[in-house]
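Look at the model first, then read on.

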Protein chains: 2
Amino acid sequence: MTYCVAVRVDSGLVFLSDTRTNAGVDNISTFRKMHVWEQPGDRVIVLMSAGNLATTQAVVSLLDERTKAVADRSPTLYEAPSMFQTARLVGNTVREVIQSSVPAGQRADSYFNASFILGGQIKGSEPRLFMIYPEGNFIESTDDTPFFQIGETKYGRPIIVRAYDRQMSFEEAAKLLLVSFDSTAKANLSVGLPLDLLFYEAGSLQVGLKRRISYDDPYYRVVSDGWSTALKQAFKSLPDFQ
Amino acid sequence: MTYCVAVRVDSGLVFLSDTRTNAGVDNISTFRKMHVWEQPGDRVIVLMSAGNLATTQAVVSLLDERTKAVADRSPTLYEAPSMFQTARLVGNTVREVIQSSVPAGQRADSYFNASFILGGQIKGSEPRLFMIYPEGNFIESTDDTPFFQIGETKYGRPIIVRAYDRQMSFEEAAKLLLVSFDSTAKANLSVGLPLDLLFYEAGSLQVGLKRRISYDDPYYRVVSDGWSTALKQAFKSLPDFQ
C-alpha cells in the first residue's frame, strides 16, 4: 500500500507522500512517490503515485523522458496548456503503461493498477488538484472536496474531514497531513517513513518548501507523540455514558 | 458493510453493533446484528455478525433452533461446556451454512461470507471474547489485543488503539465505542444507526445494560457533536509545522 494526500487551501497546495513499497510484508523498500516538474515562472507540476511500482515508475519515466525528447512526442508536461490537459496527458500515459502490461486488455482491477494525485499551476490559470484513476480518467477537487487521498485512505480520513479549513496556513495544513499520516502509519505496516512534504504557494509558479521527513525529525516526533496525548485528552473531555 | 466492536475491560465486556444492511447504496435496511442467549446464573452468550445477511441470519437461526430441539442436535449453545466449545459450535455452524450456499465448495472470499464476534461467560470460567472467520476457525482476544472489530474496521480503529485502557469503567468503554462508531458512520454510508449496546459484568452471569441507541438519543448527540469539537481542539493544541 501507500499513503499520499494533497490538500487545497486558499494559500496554495500541500502534498505529503510516504515512501514505503512492499511485495508482501517480508519485502519492503523505500521509493520516492512524489515527483516534481518545475519551470520557475511558468509551471509547477507535482505527481504522487500509489499502486504497482513498475507501473508508477514507468508512467513517471515516460512523462519525464518525453519532456526531453519533445520532437518524438508532443505535448509534454512542459507544453500542456493547462492543468486539465496535463491531467489528460498523465491519464493517457497511465492507460498506455497498464495496457502494455496486460496484453489481454486493460483491467483496472488488475495487479498492475495504479492511481495518482496530480496538482500544480500553469501560468495564466489557478492552482488545480486532480485524482487520476487506473483507467486513465480523473476527477478534480472542488470546494466541497478540497483534498485527495490515494493508497490507504481510511485511517487518516476522519481527522482531515473534521479539522480541515480552507483558510489554514501551510504550517497548519502540514500539521493536519502529518497527523493524518501518523494515524495511518500506526495502523498499516505498508505505510512508512520517511515522508516527502511539499508546499506550493498559489501564484508563485515555483516550488515552495520541499522537505524529506524521517523518523528522527523533531517536529514529526512532536506530532506523533503529542497527538496520542491530545487524543486521549479530547476523549476524556467528553462526558461518560450514563 | 457493518460495524461491530467488542472490548474486554477488567470489569467485563462491552458490545456495540450497528443495524444497517445494504444490497447496494440504493437498497438499505435495518436489521439487528447483536444476538443474545442468556440463562441467568449459568451463561450469557453474545454474538455479533457482519457479512452476507442470509448467511448470518441462517447461522443465528440454526443456533437458536437447536437450543430448542436438543434431541436433534447436541451440544447446543446452552450445553457447551466452555466459551471455547461455544466458539467451535458457532464456527461449525458458519461453515455448514456457507458450504450449503456454495455447492462447489466453501470459499471464504465468496459472496456468502460472514464473520462474527462472540463473547460471554459460562459458569466456572472467565468471560471470553472471540472473532470467528468465514472459514469457521477463530481467534481469542488477549491482553495484547483486548478488542475485536468486524465489518468496516478502519475509520474507528485509531481512537480505540490510543484511548483504550483495561481499567476503564463500562461508561468510559461505551463512550470509546460510540466515538469509534461515530468516526466510522461519518465516513461509510453502509454503517448506520440505530445501535445496539450491551454491557456484560464479569461474574454476573446475566446481561447488564442492553440499550438501543437511535439518532435522537441525547447522549449519542453529545458524543457526535462533542467529538468533532474535541478533535479540533486537540488538533489546535499541537504546535504548527515550522
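How many bridges join β8(A) to strand β9 (residues 138–140) of chain A? Three do, and the two strands run antiparallel.

## Ground rules

This is a predicted model, in which local features need pLDDT of at least 70, side-chain atom pairs count only at pLDDT 80 or more, and totals for chains, interfaces and linings use all residues. Residues are numbered from 1 along each chain as its sequence is written, chains are lettered from A and ligands numbered from 1 in the order in which they are written, and side-chain values use heavy atoms, without hydrogens and water.

Strands (E, at least two residues) and helices (H or I, at least four) are DSSP runs, numbered from the N terminus. Two strands pair if DSSP finds at least two bridges between them.

## Strand β8 in chain A

Strand β8 (residues 128–132) of chain A is mostly covered. Four of its five residues are buried, meaning under 20% relative accessible area with a 1.4 Å probe, protein chains only.

Five bridges join β7 (residues 114–122) of chain A to β8(A), antiparallel. A:M131 in β8(A) stands opposite A:I117; in β9(A), the bridge partner of A:M131 is A:I139. β7(A) and β8(A) form a hairpin with five residues between them, and A:G124 in the turn has a positive phi of about 100°. β8(A) and β9(A) also form a hairpin with five residues between them. There, A:G136 in the turn has a positive phi of about 95°.

## The sheet in chain B

Chain B has an open sheet of five strands, in the order β5-β6-β7-β8-β9, with antiparallel pairing. Its edge strands are β5 (34–39) and β9 (138–140) of chain B.

Technical notes: Buried means under 20% relative accessible area, exposed over 50%, partly exposed in between (1.4 Å probe, protein chains only).
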